[in-house]
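Thank you all for coming; I would like to walk you slowly through one structure this morning. Please have a look at it for a moment before I start, and keep it in view while I talk.

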Amino acid sequence: MNDDATAPDARAVEGLGAETRQAIAAIYRRFRRERSGGHLGDGATAVLELLVKYGPLGLSDLSGHERVALSTMSQTVNRLEAGEYVERTRDPHDGRRVLFVLTDAGRALGEEGRAQRHRWFDAQLQTLTAEEREALATSARILQRIARS
């Protein structure tokens, strides 16, 4: 048992944990609502944004990033292909593997979704005081450290 007078109270830590998780979840939900391409749905829009960020990816890669079953991701990329947002191509390093590549329309939609979320968030940051922005910067560094542990 830690006798250190600065040791955190367990209930205070639990409360902070709950409040932080709720805030992160609320921001995540808001980011999802800020995506463009709502006619495609969240999963398909997320795939476009992944392909913008990482370039061509295989079905397993996409499924892993989004933490969905391969069958679910297969349906998603089939819809994107039917809408002419992605194309299938062979992996140049492994001809047995299929990669999904953005079309011009898919790239534009994926880039716009990300830009729209960034504009919304940056506008929210503009409404904060200098002290609030500094507190948020400190919190962001702490959350990054937690994420890496």
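Let me begin with a term that we will need several times: a residue is called buried if its relative accessible area is under 20%, exposed if it is over 50%, and partly exposed in between, with a 1.4 Å probe and with protein chains only as cover. What you see is a predicted model, and for that reason local features need a pLDDT of at least 70 and side-chain atom pairs count only at pLDDT 80 or more, while totals for chains, interfaces and linings use all residues. Residues are numbered from 1 along each chain as its sequence is written, and side-chain values use heavy atoms, with hydrogens and water left out.

I will start with the sheet. Helices and strands here are DSSP runs, numbered from the N terminus, where a helix is H or I over at least four residues and a strand is E over at least two, and two strands pair if DSSP finds at least two bridges between them. With that in mind, there is an open sheet of three strands in the order 1-3-2, and the pairing is antiparallel. Strand 1, residues 57–58, and strand 2, residues 86–91, each have a single partner strand and stand at the edges, so one side of each is left without a neighbour in the sheet.

Now, over how many bridges do strand 2 and strand 3 pair? They pair over six bridges, in the antiparallel sense, with strand 3 covering residues 94–102, and a hairpin through two residues joins strand 2 to strand 3. Strand 1 and strand 3 pair over two bridges, again in the antiparallel sense. If you look for F100 in strand 3, you will find R88 standing opposite F100, and L57 stands opposite F100 as well.

Next come the salt bridges, by which I mean a side-chain nitrogen of Lys or Arg within 4 Å of a carboxyl oxygen of Asp or Glu. A search of the whole structure finds eight of them, and I will describe some.

A second salt bridge links D91 and R97, whose closest N and O atoms are 3.1 Å apart. Is D91 buried or exposed? D91 is buried, with a relative accessible area of 9%, whereas R97 is partly exposed, at 31%. In another salt bridge the side chains of R96 and D94 meet at 3.0 Å, N to O; R96 counts as exposed at 73% relative accessibility, and D94 as partly exposed at 24%. Salt bridges that share partners also join D61, D91 and R97 into one network.

Let me turn to the loop between helix 1 and helix 2, which is where L40 is found. L40 counts as buried, at 16% relative accessibility. Contact means heavy atoms within 4.5 Å, and, not counting residues up to four places away in sequence, L40 touches T45, L48, R79, L80, Y85 and L109.

Finally, I would like to point out two residues for their backbone. Most residues other than glycine have a negative phi, and most peptide bonds are trans. R67, in the loop between helix 3 (59–66) and helix 4 (70–82), has a positive phi, near 55°, and R67 is exposed, with a relative accessible area of 77%. E84 sits in the loop between helix 4 and strand 2, has a phi near 60°, which is also a positive value, and counts as exposed at 59% relative accessibility.
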